[in-house]
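Subject: Structure handover

Hi,

Here is the structure you asked about. Please open it next to this email and follow along.

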Amino acid sequence: MALSTLQMQSLKTIKTELTRFMMTYKFALDELNTKIDILQQEFAFIHDYNPIEHVTSRVKSPESIVKKVGKKGLPLTLTAIRENIHDIAGIRITCSFRSDIYELSTMLQSQQDIRVIEIKDYIKNPKPNGYQSLHLILEVPVFMTDRVEHVCVEVQIRTIAMDFWASLEHKIYYKFNKEIPKRLADELKEAAISAAHLDKKMENIHKEVNEIKNVEDVNDNSHELIINNEKFNLPLDFLTRAIKA
Ligand code: 0O2
């Protein structure tokens, strides 16, 4: 079917509008990823270990957005999508330990330009199938050429064990066309409980080792500063003044 010039023009307008709409979500991800990177570096310095194993982010595809619009019975307009679909921009942070999840979440929530829209704590209240993760819907300001957009980003924070479980469950869920057989569902639930148990055990071991390490570090490195992987010696004057104070 050949399109008229008018139809071609309105198609072009829609495409431009949609591209600008999707770009705001990409920029929101860029902004939040930078914030997470800074928090990660400072956290690693303060606690002397890296709390974040990895971070992934994605913008939902237009096809998935349209599917969700249909599922939620929303009108297919950008305003309705913006107001009702909060996971167009998504970040998944995999942490080493459960306590890191809450520490990171508090640090993100306390940033002045971030507005917390919703928190779903599936760690304290796991889903009936065993799913665990902390979900935050955060709104960040995105400074465009002619306006400021307040954009929602869904941040999922979980441990490696929770992430491992979620990816397996996700695969099984789609393999069985969203109808997991009862025996497998029961096994998955059991696996989720074991994963939570493992998380607790690993965190306890980590805490114990850290306490020993803290004592050793005071003895070994009190005369050194490490910034951006570069070692600096602390001037003797500073050290003696600090000890006297
Ligand atoms: P995808 O492909 O990961 O984006 P809402 O988004 O608010 O309309 P809901 O279900 O209330 O819908 O949101 P919720 O509970 O915060 O879950 C949203 C996302 O969390 C899902 O996105 C999944 O990524 C993840 N999730 C939630 N429950 C489960 C679960 O039982 N198993 C697994 N593996 N992941 C889960 P999407 O849109 O479903 O898919």
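The scale runs as follows: a residue is buried with 20 or more other C-beta atoms within 10 Å of its own, exposed with 12 or fewer, and partly exposed in between, with C-beta atoms placed from the backbone.

Two notes before the rest. This is a predicted model: local features need pLDDT of at least 70, side-chain atom pairs count only at pLDDT 80 or more, and totals for chains, interfaces and linings use all residues. Residues are numbered from 1 along each chain as its sequence is written.

K178 sits in the loop between α5 and α6. Helices (H or I, at least four residues) and strands (E, at least two) are DSSP runs, numbered from the N terminus. The phi of K178 is near 70 degrees, a positive value in a residue other than glycine. N177 is in the loop between α5 and α6 (182-221) too. Its phi is also positive, about 50 degrees, and N177 is not a glycine. N177 is exposed, with 7 other C-beta atoms within 10 Å.

**The ligand**

Around the ligand are D87, K120, K127, N129, Y131, H135, A166, E169 and H170. By class, the shell has 4 charged, 3 polar and 2 nonpolar residues. Here Ala, Val, Leu, Ile, Met, Phe, Trp, Tyr, Cys and Pro count as nonpolar, Asp, Glu, Lys and Arg as charged, and the others, Gly among them, as polar.

**The cores**

A nonpolar core is a set of buried Ala, Val, Leu, Ile, Met, Phe, Trp, Tyr and Cys residues joined through C-beta atoms within 7 Å. The largest one has 23 residues, and A28, V153 and V155 touch the most other members. At least two residues of this core come from each of α1 (5-47), β2 (89-95), α4 (98-109), β4 (134-143) and β5 (148-159). A second, separate core has 5 residues, including A161, M162, A166 and A192.

What does V153 touch, leaving out residues up to four places away in sequence? The list is A28, L29, L32, A89, I91, L138 and V140. Contact means C-beta atoms, placed from the backbone, within 7 Å.

**Helices and a strand**

Helix α4 has 12 residues. From first C-alpha to last, α4 reaches 17 Å, close to the 16 Å expected at 1.5 Å a residue. That expected span is 1.5 Å times one less than the number of residues. Buried in α4 are R98, D100, I101, L104, S105 and L108. Seen down the axis, the buried residues of α4 fall within an arc of 150 degrees, so they line one face of the helix. The arc is that of the directions from the helix axis to the C-beta atoms.

Helix α2 (residues 62-72) lies largely in the open, because 0 of its 11 residues are buried. G73 follows α2, with a positive phi near 65 degrees.

Q41 is in helix α1. It is partly exposed, with 13 C-beta neighbours inside 10 Å. I119 belongs to strand β3 (residues 115-121). I119 and V155 are 36 residues apart along the chain, and their C-alpha atoms are separated by 9.6 Å.

Best wishes

Key. Two residues are in contact if their C-beta atoms, placed from the backbone, lie within 7 Å. A residue is near a molecule or strand if its C-beta atom, placed from the backbone, lies within 6 Å of it.
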